[in-house]
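This report describes selected residues and aromatic ring pairs. The sequence and structure come first, followed by notes on each topic.

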Amino acid sequence: MRVLGYYPKYRTGAPTPANLPFDRLTHVGYFSKTPNSSGALIDTAGALYATDMASVVSAVHSAGKKVLFVIGGANGSSDATWRSAVNSTNRATFVSNIASFVTTNGFDGVDIDWEPFSTSSDATDFASFVADLRVALPSPTYTISMFIAIQPAWKLTMANNIQANIDWFGLSTY
């Protein structure tokens, strides 16, 4: 079983990274950045300071756990911004920026949290994005997980179509 605990940058003081409940977690998701329309990564709730990020990555690895970089979140970019970042024009830049951020900062992979992901027409470009991201962050060296709502039903169909490139899904029922 995998248990991912999300640890936002704005909470790095309570609890401190070294005091996370590692006995209950297999992974920590440190968030977040979101894409802009050209595929660059932007901070959403204040800067991801290098010292904070380094201390989180170090504490998680010292506990023998994995740390994932989270892209997105409920207060992140709009559907339109994500659509632009994953389309054929900007996808390579977006994938390259994610892979570079993950590898440069010592993360074990990425957790994708595109919210609200509201139309089924997004699924084709998203599937291509995930396939390209898997090439840039190969398994088993890197983990790619995804937070996904199970309603409407087309989202489960989309999940089935991309599952070969996703290590695991976190499901939302709300």
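## Gly170

G170 is located in strand β7, which covers residues 168–172. Helices (H or I, at least four residues) and strands (E, at least two) are DSSP runs, numbered from the N terminus. With a relative accessibility of 24%, G170 counts as partly exposed; buried means under 20% relative accessible area, exposed over 50%, and partly exposed in between (1.4 Å probe, protein chains only).

Not counting residues up to four places away in sequence, G170 touches M146, F147 and I148. Contact here means heavy atoms within 4.5 Å. From C-alpha to C-alpha, G170 and S145 are 7.4 Å apart in space, while 25 residues separate them in sequence.

## Basis of the model

The model is predicted: local features need pLDDT of at least 70, side-chain atom pairs count only at pLDDT 80 or more, and totals for chains, interfaces and linings use all residues. Residues are numbered from 1 along each chain as its sequence is written, and side-chain values use heavy atoms, with hydrogens and water left out.

## Arg134

R134 is part of helix α4 (residues 123–136). Its relative accessible area is 10%, so R134 is buried.

The side chain of R134 reaches the backbone oxygen of Y142 at 3.1 Å. A polar contact is a pair of N or O atoms within 3.5 Å; within protein, one must be able to donate a hydrogen and the other to accept it, and residues adjacent in sequence count only if both atoms are side-chain atoms. Leaving aside neighbours within four places in sequence, the residues in contact with R134 are S139, Y142, T143, I144, N165 and D167.

## Aromatic pairs

There are eight aromatic pairs in the structure. Rings of Phe, Tyr and Trp (its six-membered ring) pair if their centres lie within 6.5 Å; planes under 30 degrees apart count as stacked, over 60 as edge-to-face and the rest as tilted.

For W82 and F94, the ring centres are 5.8 Å apart and the planes are at 80 degrees, so the pair is edge-to-face. W82 sits in helix α2 (residues 79–86) and F94 in helix α3, 12 residues apart. W82 is buried, and so is F94. Ring pairs also link W82, F94, F126 and F129 into a cluster.
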